[in-house]
Amino acid sequence: MMSDQMSGSWDGTYDHGSKSDDSHHFERLYAEPMYDAFVCPLTKQVMRDPVTLENGQTFEREAIEKWFKECKESGKKPVCPLTLKELRSTDLNPSIALRNTIEEWAARNEAAQLDVARRLLSQGGAENDILQALKYIQQICQNSRSSKHTIRNAHLIPMIVDMLKNSSRTVRCKALETLHIVAEDDDDNKEVMAEGDMVRSIVKFLTHEHSKEREEAVSLLYELSKSEALSEKIGSVNGAILILVGMASSNSENVLSIEKADKTLENLESCEKNVQQMAECGRLQPLLRLILEGPPETKLSMASYLGELVLSNDVKVLVARSVGSSLINVMRSGNMQSREAALKALNQISSCEASSRLLLEAGILPSLVKDLFTVGNNQLPMRLKEVSATILANLVNNSGYDFETIPLGPDNQQHRPSNWVQASSSSCWAHNFSDHCSGCCFFNQKLRRHHQFNSVHRGSPTRFAYGVNKTPPEPLSSHGPGTC
C-alpha cells in the first residue's frame, strides 16, 4: 500500500500517528481508519512485521535492526529510538496479535480502495483522480507479488488499458507504467494483456513524438516479450520489429530506450518468424546464429530464407565471413533439401568480389565442380546444377583470382580449372545428351552471360574463358531442349 523506504532522519522526533502524503491522500478511501499503533515510528509506514522491545515500544523489524546496527557501528550503546534510553537487551519479540490485526485491516481497506479505483477508472473522472487511482494500483502490486492476482480478479487490467486512449499524455504515460508493474514477473497478468488489441496499441506508442511515451512503451514491451507466446504476438503486429530495430540502432533515442529495444528484440528471437523479419530489416545476426547453432530443421529454414533475401554487397561479405563455411559443409554432405537451401544462399552471396574471395578461401570450388559433373544416383537435379553453375560463374567473374593457381584435387594437373573449362567447351558435343555434359553447358552458359554483360557495361571486347583460339559452344537454345 505504501512505500517501504525508511525515513532519512531517525532522531526520535517522530510525531506518533503521522501519515505519509500517499496515505493522507487515500485516507478518505479507507473503510475504517488507520490506527497509530499500525505505524512504525521509524519508517512512518504501516508495519508488516512488528516487533516489541523490552520497554514495550513497537517497530518494524527491519527498521529497528538497522537502528541497532547503526548504534553499534558508531560505538554507542543501544537505545530506544523514541525514549533515547539505554536498553539492557536488543531482543525483539514478534507482535503476532498486532500483525494479524494489521493484515485484516489491510485486506478490508485494500478491497475498499480497489473498488474506488475501479469506479474512478470506469467513469473517466478528473485527471488527478485517475492518476491517483493508477498510483494506488502500482502500490498494491509493489507491496506484494501475491497482490497482483487481486488486480487481475478485480478486472482492472482492461480498465488500465482503456486509459491508453485518454487525451492526457500524463495519464497515458502513467497507464503504460502501471501496466508494466502489473505485468512484471506475473505470467497470468501477461496472458490477460495478450487478449484483444493491447499489444498493437502499445506498439503504436513507439512512434509517438513524446519520448516519455516511447520509453514507457518499449519498457512494457520488453517485459511482455519475456513470455514466448507474447513474443510471437508482438512480432505479428505489422511494423513492430521494423520499429524496434530502428530504435535499437538509433542515435536520437535515449540510452534506456535503445537498451530496452535491443533486449526486446533478443527476447523476440525465440520465434523463428521474428528472426526472419529481423533479417529483412537488416538485423541479420540472429538468423546467422541459427544457421550456425540451430537444430537441423531450423538451419534449413534459415538458410532457405537467406537465399530469398536481397542483400547489399557489404551484407554479402558479412554473411560469407560468418556462415560461408557452414553453408559449404551443408552443400557437401546434407540431404537434397538442405543442399538446395545452401546452394541458393551461396548463390546470393557469391555475386560480389569480396564475398567470392571469402567463399574461395573457405574451399567452395571442389564441391561445386563435383556437383556439376557427378553422374548417377548422387547427382544434383538439373535445376540445382544450374544454381551451381551460376555460383561458379560468379566466382570466376567476381573473385579476381588466377584460377590456374588453385588446385581442385590431389592431382593438380588433372583438376586445374583450365583443363575442365576447356574440356567443357570442346567435348560437350561428344557427350551428346549425357547428364555429365549438362554441367559443362550450364557453366559455359552462365559464364557467357557474365562476360557479355561485362563487355557491354565495361566497354571491353567479349572474352570467354575457353583457352586460346577456342570457339565457344553454341547457346543452349540452338541445340534443342535438354541437349548440349
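Buried residues make up 48% of the 484 residues in this chain, where buried means under 20% relative accessible area, exposed means over 50%, and partly exposed lies in between, with a 1.4 Å probe and protein chains only. Please keep in mind that this is a predicted model, in which local features need pLDDT of at least 70, side-chain atom pairs count only at pLDDT 80 or more, and totals for chains, interfaces and linings use all residues. Residues are numbered from 1 along each chain as its sequence is written, and side-chain values use heavy atoms, with hydrogens and water left out.

How many helices and strands are in the chain? There are 24 helices and three strands. Helices (H or I, at least four residues) and strands (E, at least two) are DSSP runs, numbered from the N terminus. As for contacts, meaning heavy atoms within 4.5 Å, residues 24 or more positions apart account for 64% of those with a separation of 6 or more.

Let's visit helix H18, residues 336–349. H18 has 14 residues and reaches 20 Å from its first C-alpha to its last, close to the 20 Å expected at 1.5 Å a residue; the expected span is 1.5 Å times one less than the number of residues. Is H18 largely enclosed or largely open? Ten of its 14 residues are buried, so H18 is largely enclosed by the rest of the structure. Among the buried ones are Arg339, Glu340, Leu343 and Ile349. Their cover includes helices H16 (296–306), H17 (313–333), H19 (353–361), H20 (365–373) and H21 (382–398).

At the start of H18, a side-chain oxygen of Asn335 comes to within 3.2 Å of the backbone nitrogen of Gln337. A polar contact is a pair of N or O atoms within 3.5 Å; within protein, one must be able to donate a hydrogen and the other to accept it, and residues adjacent in sequence count only if both atoms are side-chain atoms.

Now for some helix pairs. Two packed helices are described by the angle between their axes and the distance between the axes. The axes are lines fitted to C-alpha atoms, for helices over the stretch in contact, and angles run from 0 to 180 degrees between N-to-C directions.

The axes of H18 and H21 come within 9 Å and cross at roughly 30°. That makes H18 roughly parallel to H21, since angles under 35 degrees count as roughly parallel, over 145 as roughly antiparallel, 65 to 115 as roughly perpendicular and the rest as oblique. On the H18 side the contact includes Met336, Glu340 and Leu343, and on the H21 side it includes Arg383, Val387 and Ile391. The crossing of H18 and H21 is left-handed: the near helix is turned anticlockwise from the far one by less than a right angle, whereas clockwise would be right-handed.

Next come H7 (residues 169–183) and H10 (residues 211–224), whose axes come within 9 Å and cross at roughly 20°. That makes H7 roughly parallel to H10. Cys173, Leu176 and His180 of H7 are among the residues in contact, as are Ala217 and Leu220 of H10. The H7 and H10 crossing is left-handed.

How do the axes of H14 and H15 cross, and at roughly what angle? For H14 (residues 272–280) and H15 (residues 285–293), they come within 7 Å and cross at roughly 125°. That makes H14 oblique to H15. Val275, Met278 and Ala279 of H14 make the contact with Pro286, Leu287 and Leu290 of H15. In H14, the buried residues are Asn274, Val275, Gln276, Met278 and Ala279. Helices H11 (228–236), H12 (240–248) and H13 (255–268) are among the elements covering them. Just after H14, Gly282 takes a positive phi of about 100°.

Lys44 sits in the loop between helix H1 (21–25) and strand S1 (50–52) and is partly exposed, with a relative accessible area of 34%. Asp185 lies in the loop between H7 and helix H8 (187–193), and at 48% relative accessibility Asp185 counts as partly exposed.

My last stop is Trp105, found in helix H3 (residues 96–123). Is Trp105 buried or exposed? At 0% relative accessibility, Trp105 counts as buried. Which backbone oxygen does its side chain reach? The side chain of Trp105 reaches that of Pro33, at 2.9 Å. Trp105 and Pro33 are 72 residues apart along the chain, and their C-alpha atoms are separated by 9.0 Å.
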